[in-house]
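Biologist: I have the sequence and the structure open. Can you walk me through the chains and how they meet?

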Amino acid sequence: MEIIIKNSSGQPIYEQIYAQIKDMILAGDLSEGEMLPSIRGLAKDLRISVITTKRAYDELERAGYVNTVGGKGCFVAETNRELIREEHLKEIEIHMNEIAKLAKSCGLTNDTLIEMFQLLDLEE
Amino acid sequence: MNAIEMKHVSKTYGSFAIKDLNLTLPEGCILGLVGENGAGKSTTIGLLMHAVLKEAGEIKVLGVDNTSKEFQDVREDVGIVLDEAYFPEVLNGRDVNKIMKYTYKNWEEETFFRYLTQFGIERQKMFKEYSKGMKMKLAIAVALSHRARLLILDEATSGLDPIVRDEILDIFNEFTREENHSVLISSHIVSDLEKICDYVAFLHQGTLVLHEEKDRLQETYGILRLGRKEAEDIPKEAIAGVRDNGYYKEMLVKRRLLPGNYTIERAGIEEIILYLARGEQI
Amino acid sequence: MRGLLLKDWLVVIKQTKVYFVLMFVFALIPGMGVYSIFFGALLPMTAFAYDERSRWGQMAEMMPYSPRKVVEEKYMFGYLMAGGISVLEAVIQILYYLAGAGQGGLAENMAVILVSVMMALNVMALQMPVIFRIGVEKSRIFLMFVTISVMMALQSFFSRSVFETTVVLPEWSSFMLPGILVVTLVIQLLSRMLSVKFCTDKKK
């Protein structure tokens, strides 16, 4: 398992942990039922605050990616295809928004955009 | 449970006074107590351990009121390292072991000697031949060898070279791997503490100016540098502190209150504290 | 308390080896035994001085020692040191006597040792509260003055001059001994109470 904390990025540390673990789960690098490192262990290994680590885990649990079993630890939750699909759709939407913004700033019409996308598809 | 709990604590020494001090350290966490020399850090630690008597307020250490009889037992569970206060200097590591064996019920000889070896301290060497760093290390070895649940360290890293300091901070980091282990560490140098703390408290002239989760501070605040004209567009409520160097304005800003599209830089804990401390005076 | 006693013993034995040799030599010289007993009762001051130099007290008050224990240990250390020397002195006197080299009666000499140790401990009792109040550095001159004057007084009381080796015990001394014992006990208790009070007051 690989988690990289970047102090230079403006992103809060708990978000960095949250995002990286979430990505690993979505990508299947962490499989269902797998145990996550303990909050304290991870915090001490990464030399970051225990509270921050706990916050990341709490967020993961709230979002349904992990389950905490009292006294035992934190486990990757049952993979929910629907959830992953939703997650991906959300991400696509974010990217599309970016594209729309950029397109607007250089005056591209929707038709041109669609054309571009189809060309992209053909190349693949 | 809180490892340390101070509520409305006051203490006056002539012109110096600790005023209405509220300080908590949740179990399992590391609290960095920062403040300039003479801000009241050592007094606060004295108050905690009942070595200095408070005038008002309530103090609990490891859940026990420090004026109660049971507090004598709590002292067994607290490891102490003080600045410039050591064992009599004609003693050596071996002597200290013997003395501590009769001092702490839970004294662990093996642990102590293991730390001495790890720290590169010869058992036979007299204390007065130690460097400052070694004296600190011996005190730390003692503090870690009687199964303490709380470490209280007053300026334990000051005057140490960076490598030794890092080594020692690592030990404190490891110490808190246990869920019921907590650390209170004071220093006048913020960067010494920044690395390992969960919470930061800033003491200024006997008053606690700041007591916050470290990462929250950095999430809340950031540094923004703008030309003087541009700076006028920033909403007042978003600015926590300003420094004008004649060429541009450097501001400590609250990230949330700032409209997007500004490049906010990450602020160091030291910068945040400096800005906030000065803000108090304005 | 054992930890603290051990600390003081280690500090004193390491730092004042010459002092110990001197005490032994004095104990051997007839009529000078009083001095070595006084030296013994002075050893807590030496321990105090080392504590002070390393600011040990600041650490001790955060360790599992109550002010009462800290105070009692210093007295106990004095009792052990002065007591130890007195026993040594008594043994030497008995040996002298058995060898036929004893000067004066054995009973008289024993009485002198007993009175000396009590007086030495009373001097210590006088000094202790002062030290707990203002520290050993600041009270050094006072300590020296008290010790030396009481020592001289005793010596001239028991012998005709300070360096006279023959001990002459006043006739009433056998009658006085229990009285001195009671007075000593009272002084010790009062002194300890005062020291504990000063030690606790320091925290305020």
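Biologist: What kind of model is it, and how are things numbered?

Modeller: This is a predicted model, in which local features need pLDDT of at least 70, side-chain atom pairs count only at pLDDT 80 or more, and totals for chains, interfaces and linings use all residues. Residues are numbered from 1 along each chain as its sequence is written, while chains are lettered from A and ligands numbered from 1 in the order in which they are written.

Biologist: What ipTM and pTM does the predictor give the complex?

Modeller: The ipTM is 0.83 and the pTM is 0.84. For chain C, the mean pLDDT is 83, with 89% of its residues at 70 or more; pLDDT is the predictor's confidence in each residue, from 0 to 100.

Biologist: Which pair of chains has the most contacts?

Modeller: Chains B and C, among the two pairs that touch. Two residues are in contact if their C-beta atoms, placed from the backbone, lie within 7 Å. Chains A and C do not touch, and their nearest C-alpha atoms are 28 Å apart.

Biologist: How many residues go into the contact of B with C?

Modeller: Chain B gives 24 residues and chain C gives 23. On the chain B side, helix α3 (residues 93-101) supplies the largest share, four residues. That side has 16 nonpolar, two polar and six charged residues. Ala, Val, Leu, Ile, Met, Phe, Trp, Tyr, Cys and Pro count as nonpolar, Asp, Glu, Lys and Arg as charged, and the others, Gly among them, as polar. Helices (H or I, at least four residues) and strands (E, at least two) are DSSP runs, numbered from the N terminus.

Biologist: How do the axes of α3(B) and α1 of chain C cross?

Modeller: The axes of α3(B) and α1(C), residues 2-15, come within 7 Å and cross at roughly 155°. Axes are lines fitted to C-alpha atoms, for helices over the stretch in contact, and angles run from 0 to 180 degrees between N-to-C directions. The two helices are therefore roughly antiparallel, a label for angles over 145 degrees; under 35 is roughly parallel, 65 to 115 roughly perpendicular and the rest oblique.

Biologist: Which residues make that contact?

Modeller: B:Asp95, B:Lys98, B:Ile99 and B:Met100 from α3(B), with C:Gly3, C:Leu6, C:Lys7 and C:Leu10 from α1(C). They divide into four nonpolar, one polar and three charged.

Biologist: And the contact of B with A, how many residues there?

Modeller: It takes 15 residues from chain B and 12 from chain A. On the chain B side, α8(B) gives the largest share, three residues. By class, that side has two nonpolar, three polar and 10 charged residues.

Biologist: Changing topic. In what order do the six strands of the open sheet in B run?

Modeller: The order is β6-β7-β8-β3-β9-β10, with mixed pairing. Strands β6 (78-81) and β10 (207-213) of chain B are at the edges with a single partner strand each, so one side of each has no neighbour in the sheet. The twist averages 15° from one strand to the next.

Biologist: In what sense do β6 and β7 pair?

Modeller: Parallel, over four bridges, with β7(B) at residues 150-154. Two strands pair if DSSP finds at least two bridges between them. B:Gly79 has B:Leu151 as its bridge partner in β7(B). Helix α5(B), residues 132-143, lies across β6 and β7 of chain B, at about 175° to β6(B).
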